[in-house]
Amino acid sequence: MAAILAVENLVKKYGESTVVKGISFSVEEGEVFGLLGPNGAGKTQTISMLTGVIPPTSGTARIGGYDITTQMDKVKRLNGLVPQDLALYPTLSARANLNFFGRIYGLGGKELRERVDDVLRIVALTDRADQVIDKYSGGMKRRVNIAAGLVHLPKLLFLDEPTVGVDPQSRNYIFESVMSLNRERGMSIVYTSHYMEEVEVLCNRAAVIDQGQIIALDTIKNLIEMLGGGIIHIGLQQVDDALLAQLAALPAVKRATIAPQPAAPPPAKGEEAGIAPAPAYTIPAQGAGTIVKIEAEHSQQALLNLISFFSERDIPIVSLEILEPNLESVFLHLTGKKLRE
Amino acid sequence: MNALHVAINDLRILFKDRGQLMYVFLIPLAFIFGISMAVPPLELGDEPARLPVVNLDPGGEASQALIDGLNADGKVKVELYEQDEAQGLLENRQILNLLTIPAGFSEDTAAGRPVTLQLLNHPNADDTTTELLLRAINGVAQVSSLQAQLIAGLSQMGDMQATGSAGSQVFTPERNVAQAQSQFERSKTAPLVVVVKTQPQALGEAIQNPSWVQQNIPGYTIIMVFGISVITALSIYNEKKLGSFRRLLAAPISKAALLAGKMLSNYAMALILIAVMFAVSILLMPLLGLERVTLGNDPLAFVLVSLLLALCSTSFGVLIAAITRTEGQISAISSIGIWLMGFLGGCLLPPFVLEFMGLSAISKAVPQYWAITAYQDLMVRGRGLADITTPLLALLAFSAIFFAIGVWRLKFD
C-alpha cells in the first residue's frame, strides 16, 4: 500500500529551543495512525508543519506525493485539519461555519450544500445545524469542529486531540465518526492524543513522541507486547543491587530495576471520569521509599511470587502499583513518565 | 475570491453582534445630535477683546497714553508683544489682530505731525471683533491727538508770549479760544492720528470656521471610523484566540488573502458608517430645527476623502492587531487612543481652537486632523479636490505607514 504521508527528518526550532527533533514516519493510505505523547511533546508542532500552519526549520514530508516545503498549495487541498482548539465562529450557526470553511476550499452552490449536509450527518448534528454554536454543549462543538475539517472531503485528516473536554456521548459519536470515515470512505487519519485507550481502539499503528523525538513506532499490538506481561511498581524502604538481582530471579519476573519517581500531578481540567487510564491496582505510598520496577512475564504470577518473597524476609512493602500491559504503561516503560505529567 | 469570503464572514459576524452595531452607529449619532442641540453657537462674550499691540515708541508719553486709554475703555485689553514675536503669532493664527504704534509716535504727535496707527488683521479675524477694536482705537486715538494738538498749539502761543515779542500782546483770551476751536475743527477733517486697517496678503485668505453642526458630523464620524479599526483588531485577536486562524492557515488561502479579507470587511464597514452618519445627519438635522449642512460642491472630492479615511482606519486596525497581544491592550487603545487621537486631530473641538491651545503641531501628527480638515474644506469652505490634495496625500501617507508597520509586525499564530 502506498504511503499517503512520508515524513523525513522534520525539525522545528524556535531560537535555541528545538521542539521537534528530526522525526520520521509514514502513514499508509487508509490507515489510522496514532501520534502519542504528553502535552508539549511536539505533536501539535508536527501537525502544524504538515498542514502548512508553520514552516519546518528543516526536513520535509510528502503528502499524496507533494512536498510540503515546495508544494504546500497542493498539499493543503488533500489535508483536513481538526485543531485542538474549537476553531469555529461561536456567533454563527454550525451550517454557516461549515459553509464558510467549505467556500475557503473552493466549494460552492449545490456541491457545498451537499457536502455540508453530509458532514452534518457524519457528526450527527443535522437537526441542530441552524442553531448558533454558542448554544451547543462542549461535545457538540467538538463535533462541529470535526465537521469543519471534513467539509472538503480530505484524503488525509489530522485530528489533534479531538476529544479533549467532551462528554462520553460525544466521545462515542467522535469515535464512530472517525471509524466510519476510515472504513467507509477510506480516509487516512493521523490521530494525536494523550488518551491511550482512544489510540488503542482507533489506530492501526502509532508513534510515541516525547520531547520532540519518536521513541517508539510500531503497531499497537507490538507496542503493547514490548511490556510482556505487565509492570509492577513496588515501593520499598531500602533497595540494593543484591535485592534487585534476587527479584529478577523470581519466576514470572523478566527484569527488576529502580524506577524514576516523578511527582504525579492532578488530572488536567476537562479530563472526564473513565477516560484516564488508572493502574490496575495501587497501594498508596506511606512515606519515602524507592520504587522498584518489575517487568513481568505474567503480572499475576509475578505478584504472588513477589509477595511471598517479601513476606518470607519480613520486608515491608511501602506501595504497590500494578500496570496492565497497555499503551500507558508502554509510555511509562519507555520514558519513566506518565502521559499526563 | 477567498479574501471576499473572509470579508463577508466577518461582516456577517459583526452584523450578528447587536452590541457592536449599537456602539458603531448609535454612539456617534448620539454625540452628533446631542452636542449640536445642546451647545450654543460660538459668540463673543462680555470679556474685553484682546488687542495685541507692538509699541515701537516705548517710553513715549503719547503711546503710553494711548495704551492706557485703550485699557481704560474696558472694551479691549491690550497685550504688549515684541514685533518679531507678534508677527510669528499672527502668521500662526494665534493672534488675529495686531496694532502697531510706530516709532516716534509721541514726538510726532507732540510736534503736530500726522502719524498713522496700523491695525493688522488676519484673514481669519472675526469681523465683529475687528470692528470693535477699530472703534476703540479710533476713539482713544482721536482724543489723544486732539489733546496733543491743543497742547501743542497753546504751548506754541505760550512760548511766543514768554519771549515778550511784540506779537505777544495779541494772545487775548478770545484769540486762545479761537485757536482751540480751530484745532478742534482741523482734527475732524485732518486728524493727527489715523488708524489704518490692513490685511496682509502674506497671511493668505480667510479660513471660514465650522459651526458646531459642521464640526460634529465629520468629527464624530471620523472618531467612530477609527473605532471600527479596533473591531478589526479584536476580530484578528479572536481568530488567533479561537484557533480559527490556524484552521484557515491550513486551508488553501494565503496569509495575504486572509489579511486582505480582514481589511476588506473593515473597509466596507467604515464606508457604510460614513454614508450612514452623513446621510442621517443631513436628513434629520433640519427636521430637528438644526442647521442644514451640505457635503460641499465637489462630490467626487468628498467620496475620495471618505475612501482614504476608510483606508487609513483599515490600516490602523492592522497596526493595532500587530502591536497588541491582549484584549486589554486593544481595549486600552480603543478607549484612550481613538478618543485622544480624535481630540488632538480636532474631531471634538475644531482645529482652530486647538491652534489657539498651542496644539497645532501635534494635531498634524494624527490622521484625524487631515480627515476633518479635508471634510470641512469641502463642507464649510466650499473648496474642491484641487484644494485638498495635501490632506488627501497625508491620509494616504498615514495609511501606508500604518499598513507597513502592521504587516511587518503581525503574527498570524
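Biologist: Let me start with one pair of strands. How many bridges join β9 of chain A to β10(A), and do the two run parallel or antiparallel?

Modeller: To read a strand pair, look at the bridges and the direction. Here six bridges join β9(A), residues 205-210, to β10(A), and the two strands run antiparallel. Keep in mind that this is a predicted model.

Biologist: Let me zoom out. What is the order of the strands in the open sheet of six?

Modeller: The order is β6-β7-β8-β3-β9-β10 in chain A, and the pairing is mixed. At the edges sit β6 (79-82) and β10 (213-219) of chain A, each pairing on one side only. Neighbouring strands in this sheet are turned by 15 degrees against each other on average, ignoring direction.

Biologist: Which strands does helix α5 of chain A touch as it packs on the sheet?

Modeller: Helix α5(A), residues 138-150, touches β6 and β7 (156-160) of chain A. The direction of α5(A) makes about 165 degrees with that of β6(A).

Biologist: There's another open sheet in chain A. Which strands form it, and in what order?

Modeller: Four strands, in the order β2-β1-β4-β5 of chain A, with antiparallel pairing. β2 (17-28) and β5 (66-67) of chain A each have a single partner strand, so one side of each is left without a neighbour in the sheet. Strand β4(A), residues 58-63, is joined to β5(A) by two bridges, and A:Arg62 stands opposite A:Asp67 in β5(A).

Biologist: Now a helix. How many residues of α1 in chain A are buried?

Modeller: Go residue by residue and count the covered ones. For α1(A), residues 43-50, eight of its eight residues are buried. Among them are A:Lys43, A:Thr44 and A:Gln45, along with A:Ile47 and A:Leu50. Just after α1(A), A:Gly52 takes a positive phi of about 85 degrees.

Biologist: Why does A:Glu161 count as buried, and why does A:Ala252 count as partly exposed?

Modeller: Count the C-beta atoms around each one; the cut-off for buried is 20 or more others within 10 Å. A:Glu161 has 20 other C-beta atoms within 10 Å, so it is buried. A:Ala252 has 18 C-beta neighbours inside 10 Å, so it counts as partly exposed.

Biologist: How many residues of chain A are in contact with chain B?

Modeller: 22 residues of chain A are in contact with 19 residues of chain B. On the chain A side, α2 (72-78), β6 and α3 (94-104) each supply at least two residues. By class, that side has 13 nonpolar, four polar and five charged residues.

Biologist: What about chain B by itself: how many helices and strands?

Modeller: Chain B has 16 helices and five strands. Of its 413 residues, 40% count as buried.

Biologist: Last one, on confidence. Where in chain A does pLDDT stay under 50?

Modeller: Over residues 263-278 of chain A, for which the model has 17 contacts beyond four places in sequence. Chain A averages a pLDDT of 85, with 90% of the residues scoring at least 70.

Terms used: Residues numbered from 1 in each chain as written. Chains lettered and ligands numbered in written order. Predicted model: local features only at pLDDT ≥ 70, side-chain atom pairs only at ≥ 80, totals over all residues. Pairing = 2+ DSSP bridges. Axes fitted to C-alpha atoms, helices over the stretch in contact; angles between N-to-C directions. Contact = placed C-beta atoms within 7 Å. Nonpolar A, V, L, I, M, F, W, Y, C, P; charged D, E, K, R; others polar. pLDDT = per-residue confidence, 0-100. Buried ≥ 20, exposed ≤ 12 C-beta atoms within 10 Å, placed from the backbone.
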